Amino acid sequence: SHPPLVSYLPGQVYRFNPDNQVSVAEAELLKRAGAMASKVGGSVVDLGSGSGNDFLTLKAAEAPDLPVLAVEPNRFTWEKAASEAHDLDLSVSFAADLEEVPSSSCALLLTRRVLCSVDDEHAALMEIYRVLKPGGVFVFIEHVAAEDGSPLRVTQEVLRPVQQAMANNCDMARDTEKEIRALPWASVECVAYDEAFNGPLTPHIRGLAVKAG
């Protein structure tokens, strides 16, 4: 028999694209960002770090001299995240909120399927911009809304309240690229792509934005 829809959707995301796996395209993106961040200097922030699933992605940045700060409000995940960091030979400190991070202190900030769940996406992006140093790099890997009027977008809209209720406020129909481009970045690179076998969560974007300086 088929599993209930509310457990099926996030389950499929994990099955076909586990968060602790790094695609070739993601690794290349992080390596570029890491080279840029190393020239700027400062901390590396993993926003929405959870249990440390994105630490392997951060390793792809190849910037071992930059200290890593994991920002995660659910403190019960910190112990598992610290264990993951130890296994990857990463030195990581923790904070519960991005508000704890000083302005213009961060060389690189990563969000990976995080902006879908924040209460106010614009406010979160403003905070990201605040903590980045001039020349700092924001790396984003996010699932987003399908094209307006498409059958997939209709499906997203129908399932949206269920997904938000059962998956930590995850909104599968956000126009995240538009929100990112609304800030005064020096440059933005964004690639749209489909994540295979992810149903309503198939449409994704990945890219980087550089803070003006």
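**Exercise 1.** Is strand β5 largely enclosed by the rest of the structure or largely exposed, and how many of its residues are buried?

*Solution.* Before we start: this is a predicted model, where local features need pLDDT of at least 70, side-chain atom pairs count only at pLDDT 80 or more, and totals for chains, interfaces and linings use all residues. Residues are numbered from 1 along each chain as its sequence is written, and side-chain values use heavy atoms, with hydrogens and water left out.

Step 1: settle the terms. Helices (H or I, at least four residues) and strands (E, at least two) are DSSP runs numbered from the N terminus. Buried means under 20% relative accessible area, exposed means over 50%, and partly exposed is in between (1.4 Å probe, protein chains only).

Step 2: count. Nine of the twelve residues of β5 are buried, so the strand is largely enclosed by the rest of the structure.

**Exercise 2.** Work out the strand order of the sheet and find its edge strands.

*Solution.* Step 1: two strands pair if DSSP finds at least two bridges between them.

Step 3: check some pairs. β1 and β2 run parallel and share four bridges, with Leu47 opposite Val71 in β2. Four bridges also join β2 to β3, again parallel, and here Leu69 stands opposite Ser93 in β3. β4 (residues 106–112) and β5 (residues 132–143) are parallel too, joined by six bridges; Leu109 sits opposite Phe138 in β5, and Cys106 has Leu132 as its bridge partner there.

**Exercise 3.** Sort the side chains of β2 by the way they point.

*Solution.* Step 1: recall the rule. In a regular strand the side chains alternate between the two faces of the sheet.

Step 1: apply it. Val68 and Ala70 point one way from β2, Leu69 and Val71 point the other way, and all are buried.

**Exercise 4.** Describe how helix α5 is packed and what happens at its start.

*Solution.* α5 (residues 121–131) lies across β1 (43–47), β4, β5, β6 and β7 (203–211), and runs at about 145° to β5. That angle is taken between N-to-C directions, from 0 to 180 degrees, using axes fitted to C-alpha atoms (for helices, over the stretch in contact).

Step 1: list the buried residues, which are Glu121, Ala124, Leu125, Ile128, Tyr129 and Val131. Their cover includes β1, β4, β5, α7 (176–181), β6 and β7.

Step 2: at the start of α5, a side-chain oxygen of Asp120 comes to within 3.2 Å of the backbone nitrogen of His122.

**Exercise 5.** Find the largest nonpolar core and say which element gives the most to it.

*Solution.* Step 1: a nonpolar core is a set of buried Ala, Val, Leu, Ile, Met, Phe, Trp, Tyr and Cys residues joined through side-chain atoms within 4.5 Å.

Step 1: the largest has 25 residues, and Phe55, Leu58, Leu108, Val139 and Leu208 have the most contacts inside it. α2 (24–40), α3 (55–59), β2 (68–71), α4 (78–87), β4, β5 and β7 each supply at least two residues, and α2 gives the most, with four.

Step 2: another core, of 24 residues, lies apart from it, with Leu98, Val101, Leu125 and Phe138 among them.

Step 3: zoom in on Val139. Its contacts (heavy atoms within 4.5 Å) include Leu29, Leu30, Ala33, Leu108 and Leu208.

Notes:
Polar contact = N/O pair within 3.5 Å; in protein donor to acceptor, adjacent residues only side chain to side chain. Lists of a residue's contacts leave out its neighbours within four places in sequence.
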